[in-house]
Amino acid sequence: MAFYRVQGNVPPKRHTQHRSESGDLYYEELMGEEGFSSDSSLLYHRFIPSAISDARDWPITEALRTTPNHPLLPRHLKLHDLFDAEAKGVDVVTGRRLVLGNGDVRISYVVADAPSPWYRNGIGDECVYIERGGARVETVFGAFTVGQGDYMLIPRATTHRWIPLVKGEEGFVEPLRAYPIEANSHIAPPKRYLSRYGQLLEHAPFCERDLRGPEGPLLAEDIGADPTEATEVYIKHRGSTGIVGTVYTYPFHPLDVVGWDGCLYPYVFNVDDFEPITGRVHQPPPVHQVFEGYNFVICNFVPRKVDYHPLAIPVPYYHSNVDSDEVMFYVDGDYEARKGSGIGKGSISLHPGGHAHGPQPGATEKSIGVEAFDELAVMVDTFRPLELGEAGLAVDDGVYAWSWVGGKQP
């Protein structure tokens with residue numbers, strides 16, 4: 001999103017000499033999208049950003065394997081069964097478990113209590129939704145404090161790490177529960193909400209005032225680290241066999257950026273700042289959209305007043321979204337359309353393309369006359385079929401497909 005920011009110490013003219021007080025030259029790095037033809041930022045480093053002293057394998061391929069959803073079934077996946085209530089020694093990067101994925105996007109889940117290694121996704125942008133708890137996220141652009149309801153948007157190739165918030169020696173305030181959505185592309189607000197220059201328009205359900213940028217710049221000594229300390233960075237990248245991982249060793253600490261400016265950087269948006277769009281009759285899912293990537297969209301269903309036509313039916317109509325698989329993550333509240341299905345907080349429903357889906361039996365009639373819904377859900381719609389990751393297979397309830405008829409028939 002083209003929204004210019006500048007932080008720290010940058011020269012008055014780009015691509016010119018920029019020196020420290022002692023006369024040392026800073027190293028300018030252009031971090032840009034789409035081959036110099038889209039958003040970019042210029043970062044000024046103390047050390048040469050290309051310098052690495054070692055590289056080794058990060059074996060992630062097996063953990064990212066998927067299984068086709070065949071025979072075709074709607075599914076209920078119980079994410080809260082994946083981890084103990086307070087995971088021990090799990091971090092947001094290496095501990096995330098793949099729930100669903102395809103060639104465009106991967107959806108994972110993690111309950112974390114440990115700092116992550118330094119990490120960079122070289123394949124695409126990441127959108128990490130914070131279900132519960134909080135964390136400090138340190139990046140080369142600066143730091144963030146994220147908490148419940150935050151979407152953390154991290155551009156491709158941004159070096160960063162996650163540090164869950166703790167309280168003294170008594171453990172977490174709440175366990176950090178994160179829902180990473182990894183793209184093979186960039187993630188941005190919907191184009192219909194943006195001007196041709198990138199400003200969020202008046203009809204958009206959020207605006208630039210709702211976005212939090214990084215606090216910084218952040219240098220190694222700001223967190224008590226040695227700037228010359230050799231540091232490992234875990235990198236997820238493309239290989240001939242699919243997604244692979246490499247661990248680089250840099251001969252310095254990654255937090256060496258003295259200043260940066262541009263329109264490409266991580267930012268945070270909280271779901272409570274989303275202003276729902278409502279109408280006299282039921283509105284289609286695109287009004288709930290918050291972000292989009294290549295071949296997928298991200299929507300959120302927030303507490304809201306519902307349809308106010310005198311004959312309105314507030315819950316969704318049955319629908320066959322023939323080009324999409326629909327993934328709904330139920331975060332909070334009571335989701336009217338799914339009552340009686342076993343779905344609750346921490347559940348995912350997968351409704352694949354080719355399957356007509358909608359309210360559970362009786363939900364349509366019960367919703368008539370309801371004036372507001374108290375629900376919070378994050379939805380991902382994909383335009384290629386989703387397959388089940390190892391985590392999705394592990395927590396499939398096995399019975400949701402038959403919930404519209406009260407159980408599997410003999």
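This briefing covers the sheets, pockets, aromatic contacts and backbone features of one structure. The structure is a predicted model, in which local features need pLDDT of at least 70, side-chain atom pairs count only at pLDDT 80 or more, and totals for chains, interfaces and linings use all residues. Residues are numbered from 1 along each chain as its sequence is written, and side-chain values use heavy atoms, with hydrogens and water left out.

- Two strands count as paired if DSSP finds at least two bridges between them.
- Four bridges link β1 to β19 (residues 257-262) in the antiparallel sense, and Q7 has W260 of β19 as its bridge partner.

- β5 runs antiparallel to β28 (residues 387-388) and is joined to β28 by two bridges; T67 stands opposite L388.

**Second largest pocket**

- This pocket holds about 460 Å³ of space. On a 1 Å grid over the protein atoms alone, a pocket is an open set of points with protein on both sides within 12 Å along at least five of seven lines, whereas a cavity is a set where a 1.4 Å probe fits but cannot get out.
- Grid points are joined across faces, edges and corners, and a volume is the space filled by probe spheres set on the points.
- The lining has 22 residues, and the closest to the pocket centre are E29, M31, R120, A157 and T159; a lining residue has an atom within 4 Å of a point.
- β2 and β3 (40-45) each supply at least two lining residues, and β2 gives the most, with four.
- By class the lining has 12 nonpolar, five polar and five charged residues. Ala, Val, Leu, Ile, Met, Phe, Trp, Tyr, Cys and Pro count as nonpolar, Asp, Glu, Lys and Arg as charged, and the others, Gly among them, as polar.

**Cavity**

- One cavity of 30 Å³ or more is found in a search of the whole structure, and the largest cavity has a volume of about 70 Å³.
- The residues lining the largest cavity include I277, H282, R304, D307 and P314.
- Three nonpolar, five polar and three charged residues make up the lining of the largest cavity.

**Aromatic contacts**

- The whole structure contains 17 aromatic pairs. Rings of Phe, Tyr and Trp (its six-membered ring) pair if their centres lie within 6.5 Å; planes under 30 degrees apart count as stacked, over 60 as edge-to-face and the rest as tilted.
- Y151 and F291 have ring centres 5.5 Å apart and planes at 80°, so this pair is edge-to-face.
- Y151 is in β13 (residues 150-154) and F291 is in β21 (residues 289-293), so the pair ties together parts 140 residues apart in sequence.
- Y151 is buried at 0% relative accessibility, and F291 is buried at 0% as well; buried means under 20% relative accessible area, exposed over 50%, and partly exposed in between (1.4 Å probe, protein chains only).
- One aromatic cluster is made up of Y129, Y151, F206, F269 and F291.

**Loops and backbone**

- The H70 to P71 peptide bond is cis, with omega near 0°, and P71 lies in the loop between β5 and β6 (75-78).
- The G216 to P217 peptide bond is cis, with omega near 10°; P217 is in the loop between β16 and β17.
- I223 is found in the loop between β16 and β17 (231-239) and is partly exposed at 26% relative accessible area.
- The C-alpha atoms of I223 and P71 are 52 Å apart.
- H15, in the loop between β1 and β2, has a positive phi near 60° and is exposed at 53%.
- E34, in the loop between β2 and β3, has a positive phi near 55° and is exposed at 52%.
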